[in-house]
Amino acid sequence: MESKILITELDKPIFLAGMAGGITTPDLVASVCNEGGFGQIGAGYMTPDALAKDIDQIRQMTTEPFGVNLFVPEYPAV
């Protein structure tokens, strides 16, 4: 499923920053989405299993689109 949404299309132009380290919880992401903003889960330090669990939780709490903020904090050897 692909969903595109612009900040100008939101009911409320609120963009929740996906901060890594557990600050943006599934509850917070879903709450922002359900109130008309755009929520993001911060996945920078999460394992794939933990991220999948959080995404599943968010999907159970909202039908609105949300984002996953994923970054690579180090330069891996290639």
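Q: In this predicted model, in which strand does Gln40 lie, and is Gln40 buried or exposed?
A: Gln40 belongs to strand 1, which covers residues 40-42. Its relative accessible area is 12%, and because buried means under 20%, Gln40 is buried. Leaving aside residues up to four places away in sequence, Gln40 touches several others, including Phe15, Leu16, Val29 and Val68.

Q: Which residues form the largest nonpolar core?
A: The general idea is that, in soluble globular proteins, nonpolar side chains tend to be buried together. Here the largest nonpolar core has nine residues, namely Leu16, Val29, Val32, Cys33, Ile41, Ala43, Leu51, Ile55 and Ile58. Helix 1 (26-34) and helix 2 (48-61) each supply at least two residues of this core. Leu51, one of the core residues, touches Ile41, Ala43, Met46 and Val68 when residues up to four places away in sequence are not counted.

Q: How many aromatic pairs does the structure hold?
A: A pair of aromatic rings is described by the distance of the centres and the angle of the planes. The structure holds two such pairs. In one, the rings of Phe15 and Phe38 have centres 5.5 Å apart and planes at 20°, so the pair is stacked. This pair links distant parts of the chain, with Phe15 in the segment before helix 1 and Phe38 in the loop between helix 1 and strand 1, 23 residues apart.

Q: Why is the pair of Tyr45 and Phe71 edge-to-face?
A: The ring centres of Tyr45 and Phe71 lie 5.6 Å apart and their planes stand at 85°, so the pair counts as edge-to-face. Tyr45 is exposed, at 59% relative accessible area, whereas Phe71 is partly exposed, at 32%.

Key: Residues are numbered from 1 along each chain as its sequence is written. This is a predicted model: local features need pLDDT of at least 70, side-chain atom pairs count only at pLDDT 80 or more; totals for chains, interfaces and linings use all residues. Side-chain values use heavy atoms; hydrogens and water are left out. A nonpolar core is a set of buried Ala, Val, Leu, Ile, Met, Phe, Trp, Tyr and Cys residues joined through side-chain atoms within 4.5 Å. Buried means under 20% relative accessible area, exposed over 50%, partly exposed in between (1.4 Å probe, protein chains only). Helices (H or I, at least four residues) and strands (E, at least two) are DSSP runs, numbered from the N terminus. Contact means heavy atoms within 4.5 Å. Rings of Phe, Tyr and Trp (its six-membered ring) pair if their centres lie within 6.5 Å; planes under 30 degrees apart count as stacked, over 60 as edge-to-face and the rest as tilted.
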